[in-house]
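Let's take a walk through a protein chain together.

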Amino acid sequence: MDGEIESFIKVWLTTISCLCYCYFIAARIPKGFLRLLSLLPILHLFLILPLNLSSFHLGGPTTFFLVWLGTFKLLLFSFNQGPLALSPPNIVHFISLASLPINLKQHPPTNKNNTKTTQKPKWLLLLKVLILAMIVGAYDYRENLHPHFILVLYCCHMYLGIELVLALCAVPVRTIFGFEIEPQFNEPYLSTSLQDFWGRRWNLMVTRILRPTVYHPVYRMSMQFVGPSCAMSTAVLATFLVSGLMHELIYYYLARAPPTWEVTCFFVLHGVYMAAEVVVKKVMLRRGWRLHHAVSGPLVVAFLAVTGRWLFFPQLLRNGVDRKAIGEYAILVDFIKSKVPLHFF
């Protein structure tokens with residue numbers, strides 16, 4: 001554990017050094033190809049740095065922050081777009097925006113179609129922490145649980161774990177700098193459609209980074225050859241394809257096993273269904289038909305569960321990533337006990 005934490009610190013010190021270069025040197029290079037060229041060594045480092053980490057709970061978030069979010073933010077920065085193009089007032093702001101899963105709230109909101117979000121009550125966060133702790137405790141009895149129930153626990157664990165990690169990353173930035181930060185999740189279990197789930201509720205940091213990097217460019221290019229409806233469908237499919245490939249890459253860092261393309265198929269399948277859903281919803285609205293939320297909500301959850309069991313989780317389960325993640329909780333407890341005086345326990 002000590003060696004892993006030491007590697008973790010080295011990885012993030014290297015990341016901070018790279019972002020200092022981006023802020024002080026690359027930012028002064030004219031936007032476009034030349035700036036992109038100057039950032040290529042940094043993009044390369046972001047791809048290899050997480051390979052120095054072997055633990056799930058340190059390596060997983062680091063891979064997500066650097067390999068996906070950080071890389072895409074710097075690609076946008078090359079052309080003076082995205083969150084880093086808003087000229088952060090100092091280097092600390094720049095590093096925070098570039099390396100952490102945060103997006104500053106814009107006034108007025110940049111997307112009028114976003115679902116309204118209100119300040120969440122404090123008890124809701126505490127409830128989610130409690131539920132996550134109960135799920136981790138339930139793993140001690142895994143041998144006596146039905147496989148389908150274990151899958152439900154994994155789904156809940158993944159959602160709560162990701163949301164809490166992203167929230168914890170945002171807390172110091174919000175506290176120290178007083179930033180207003182866009183919500184990273186918006187209660188995805190309340191989704192009424194795939195479009196609602198992927199576009200307005202689930203892991204919104206990824207949604208906000210994929211729109212300018214994939215969806216909008218593909219939509220504009222497609223509009224030169226086809227109509228708006230086909231262009232939208234093409235852009236949706238391209239966005240889900242890129243998301244699938246990035247998940248495939250993250251799976252490699254977690255499992256260190258060759259890709260099987262199952263998770264890519266999962267996202268492509270969801271892209272196809274979501275594009276079809278948008279078309280069907282338009283036809284239904286023109287005829288005055290609307291599926292009640294009490295029906296559409298469970299259908300969305302069922303579709304996510306079935307396709308997740310079929311394509312999203314198998315690669316992780318085959319390579320023992322779930323057992324590795326669960327085992328790390330016991331290692332963490334032993335590590336804390338070794339560092340904290342015994343009278344605390």
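## The overall fold

The chain's secondary structure consists of 13 helices and zero strands. Helices (H or I, at least four residues) and strands (E, at least two) are DSSP runs here, numbered from the N terminus. The radius of gyration of the chain is 21 Å, close to the 20 Å that the globule rule gives for 345 residues, so the chain is as compact as a globular protein of that length. That radius is taken over C-alpha atoms, and the globule rule is 2.2 Å times the number of residues to the power 0.38. Along its principal axes, the C-alpha trace spans about 70 × 55 × 40 Å.

This is a predicted model, where local features need pLDDT of at least 70 and side-chain atom pairs count only at pLDDT 80 or more, while totals for chains, interfaces and linings use all residues. Residues are numbered from 1 along each chain as its sequence is written, and side-chain values use heavy atoms, with hydrogens and water left out.

Of the 345 residues in the chain, 44% are buried. Buried means under 20% relative accessible area, exposed means over 50%, and partly exposed lies in between (1.4 Å probe, protein chains only). Among contacts between residues at least 6 apart in sequence, 72% join residues at least 24 apart; a contact means heavy atoms within 4.5 Å.

How many positive and negative side chains does the chain have? There are 30 positive and 16 negative ones, and the centres of the two sets lie 13 Å apart. Lys and Arg count as positive and Asp and Glu as negative, while His and the chain ends are not counted. Each charge is placed at NZ of Lys, CZ of Arg, CG of Asp or CD of Glu.

## A closer look at F312

Now find F312 in helix α11 (residues 293–312). With 9% relative accessibility, F312 counts as buried. Leaving out residues up to four places away in sequence, F312 touches M158, H247, Y251, V263, F266, F267 and T307. The C-alpha atoms of F312 and C265 are separated by 8.7 Å, although these residues are 47 apart along the chain.

## Two loop residues with positive phi

Most residues other than glycine have a negative phi. N203, in the loop between α7 (194–201) and α8 (204–222), has a positive phi near 40°. N203 is buried, at 10% relative accessible area.

W261 sits in the loop between α9 (228–255) and α10 (262–286). Its phi is also positive, at about 70°, and W261 is partly exposed at 46% relative accessibility.
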